Amino acid sequence: MFQNNNPIKSYIPPLQSIWKGREDSSYIHNHIQLCNLNNGLIIKKNPSLCFLGFASDEGIRRNLGRTGAFQGPSTLKECLGKLPYNRIDSISLYDAGNVFCENEKLEEAQIDLGRAVNRIILNKMHPIIIGGGHEVAFGTYLGLSEAYQNEDITIINFDAHYDLRPVMNEKSTSGTSFFQIALDRKMKKLKFDYNCIGIQELGNSKASFEKAKELGVKTFSAEKLYLEPYKEAKNFLDNILSSSKYIYISLCMDVFSAAYAPGVSAPQPLGITPWQIIPLLRTLAESKKIICFEIAELSPPLDEGIKTSQLAAYLISEYIHHLKI
């Protein structure tokens, strides 16, 4: 699908100036190297993580949500850079810049994101994708699908919503990504293995629950996370891990209570707490089965005291400090 000698059009190369903080080697910003994905393949010799932003809120606008997620990647990178980097092994950190959506050309931007994700993997780097609205997920998937052709890919989505809305007039939105992935898997005669943690009853329509049932989606609801012991969620996760080879994690910031994450398009008064997810995220990172981690729906203009951006940065930091690749 992707010609790797072709330039990624909707692409802004990385800037070192966005990574700043204390002049101390123990902070993440001092470990960031730059990687221009339009400069051809430069295979990394050491284990490497690569941050790539998807600056888009066009899918949110189409879904009649509150826009602002376009600014998510830059703000999150700024917050992340100020956190300590305490790994003692040789994993390198790269910033590959941003893919962006302009002039409402979301579908083109999603294809460019897929091309960029695939190029990161060809460079032997582990992709960490920073959105942007949850339309990011379909673009990320396009890249993973190209890199892992004909392989089963398990999706774990931490989210208040299923995002299984039907595509109208061939237009992507922030609510259609996983339905689009299901259609693509069906067309390729591959398994659609979709698992959701944090789903809220009042965050989804009856049609969404019916579609999830039809597609065989496995769900661990926000209510269960509150009412049942942690070991029940751990068992749910362990069952997924035991039957999966490649896992793609998408984490939507609106899975959290608005007390922790007000800076999202659809803040959740009944959302979950960070510490209900962090142990699960650590387990996944340590599994050696993760092929991509993604943050979605961070909207800095809607935030209060950058608390949502800081939470997102802490989640990425937890992931990279526990990741085994």
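How does the radius of gyration of the protein chain compare with that of a compact globule of 325 residues?

**View 1. The whole chain, a predicted model.** A compact globule with 325 residues would have a radius of gyration near 20 Å, and the protein chain has 18 Å, which agrees. (That radius is taken over C-alpha atoms, and the globule rule is 2.2 Å times the number of residues to the power 0.38.) The C-alpha trace spans about 50 × 40 × 40 Å along its principal axes. You can pick out ten helices and ten strands; these are DSSP runs numbered from the N terminus, with helices being H or I of at least four residues and strands E of at least two. Of the 325 residues, 59% count as buried, meaning under 20% relative accessible area with a 1.4 Å probe, protein chains only.

Some ground rules: residues are numbered from 1 along each chain as its sequence is written. In this predicted model, local features need pLDDT of at least 70, side-chain atom pairs count only at pLDDT 80 or more, and totals for chains, interfaces and linings use all residues, while side-chain values use heavy atoms, leaving out hydrogens and water.

**View 2. Helix α10 and its neighbours.** Count along α10 and you get 16 residues, reaching 23 Å from first C-alpha to last, close to the 22 Å expected (1.5 Å times one less than the number of residues). Its buried residues include Leu-311, Leu-315 and Tyr-319. The buried residues of α10 pack against β3 (48-55), α2 (72-81), β5, β9 (247-252), α9 (278-285) and β10, where contact means heavy atoms within 4.5 Å.

**View 3. Asp-303, in the loop between β10 and α10.** Asp-303 is buried yet has no salt bridge, and the nearest side chain of opposite charge, Lys-307, is 6.9 Å away. (A salt bridge needs a side-chain nitrogen of Lys or Arg within 4 Å of a carboxyl oxygen of Asp or Glu; Lys and Arg count as positive, Asp and Glu as negative, and His and the chain ends are not counted.) Still, a polar atom of the Asp-303 side chain lies 3.4 Å from the backbone nitrogen of Lys-307.

**View 4. Glu-297, a residue with positive phi.** Glu-297 has a phi of about 70° although it is not a glycine. Look for Glu-297 in the loop between β10 (290-296) and α10 (307-322). Glu-297 is buried, with a relative accessible area of 7%.

**View 5. A cis peptide bond.** Gly-131 and Gly-132 are joined by this bond, with omega about 15°. Gly-132 lies in the loop between β5 (125-131) and α4 (136-147).

Definitions and conventions:
Buried means under 20% relative accessible area, exposed over 50%, partly exposed in between (1.4 Å probe, protein chains only). A polar contact is a pair of N or O atoms within 3.5 Å; within protein, one must be able to donate a hydrogen and the other to accept it, and residues adjacent in sequence count only if both atoms are side-chain atoms.
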